[in-house]
Amino acid sequence: MFNLKMDLPKDRPIVGVKTTDNRGFTPEEVAEDCVKKLISISDNVDPVLRDQARAYAKDMEKVVAFYMKEAIRSDRTTVYNAIRGAGHPKLAELIRRL
Amino acid sequence: MAFSGNFMCTSFKVELLQGKHDFTNGQDTFKLALFTNSAEPTQGSFGGSGTTMNASVTDYSDNNQVGASGDYTTGGGALTNVTPTSSGTTAFTDFANKTYGSSTITARGCIIYNTQTAGGSSTTDAVLVLDFGADKSSSSGDFQIVFPTADSSNAIIRIA
């Protein structure tokens, strides 16, 4: 007989919930989540390797956040031009200054 | 309390053995609907029993669902499937994080359900009942569900 185990832990939340008020997530907040998906570090690994991996993950957060900011800046240029082209130069300028 | 822990729906386990759910990315569309702590299994078409949301829930229902706000629409949003794979002897699947932007929401838990069970359309078959542990709120902001890492130790659906 085979017994497949696939129940969920009942006593603790297994999905996290992150919320914001009157703003979206910052690139740094998104980068932190991104790196958690990319790099998983076991608590049982050798302490030296674990610390090295954690330091590497922190560095990666900075790299990911940097390129996210670049993407946001570039997309804002696209949005600016689209709105300006639609005849709303003042609104376009407000968005450019965000 | 209406939400009290996390549950894999018993009906889902049966349907899994019947080959009715395909978690492969690009196949079945699974949605995540948010609820207040007033939701109970016997309301509407939840199909369950008891007073706390538990494994007896068989379907999505809009009873005590949070109101539409920003990116959140009635019925919830579609999730991005992580194609099932394995590590060692454990098979697993997961979902990408889900964000409902520009929303004002207070939710205590959620139901993940399949809208394409057995190749159908607009189905409501419940997969998981998840408790956030407390009310979570966004105000003109982002409401994000963070799924665990997709590996054999953490993924949200694992068969060991």
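This is a predicted model: local features need pLDDT of at least 70, side-chain atom pairs count only at pLDDT 80 or more; totals for chains, interfaces and linings use all residues.
B:Ala118 is partly exposed, with 14 other C-beta atoms within 10 Å. By that term I mean a count between two limits: a residue is buried with 20 or more other C-beta atoms within 10 Å of its own, and exposed with 12 or fewer, the C-beta atoms being placed from the backbone. B:Ala118 sits in the loop between β6 (98-114) and β7 of chain B, and its phi is near 55 degrees, a positive value in a residue other than glycine.

Residues are numbered from 1 along each chain as its sequence is written, and chains are lettered from A and ligands numbered from 1 in the order in which they are written.

Now, another loop. B:Asn64 lies between β2 (30-35) and β3 (77-78) of chain B; strands here are DSSP runs of E, at least two residues, and helices runs of H or I, at least four, numbered from the N terminus. B:Asn64 also has a positive phi, about 60 degrees, without being a glycine. With 19 C-beta neighbours inside 10 Å, B:Asn64 counts as partly exposed too.

On to where the chains meet. In chain A, 25 residues are in contact with 30 residues of chain B, meaning C-beta atoms, placed from the backbone, within 7 Å. The largest share of chain A's side, 4 residues, comes from β1(A). That strand runs antiparallel to β7 (residues 125-146) of chain B, joined by 4 bridges; pairing takes at least two DSSP bridges. There, A:Thr19 stands opposite B:Phe143.

Note on methods:
Two residues are in contact if their C-beta atoms, placed from the backbone, lie within 7 Å.
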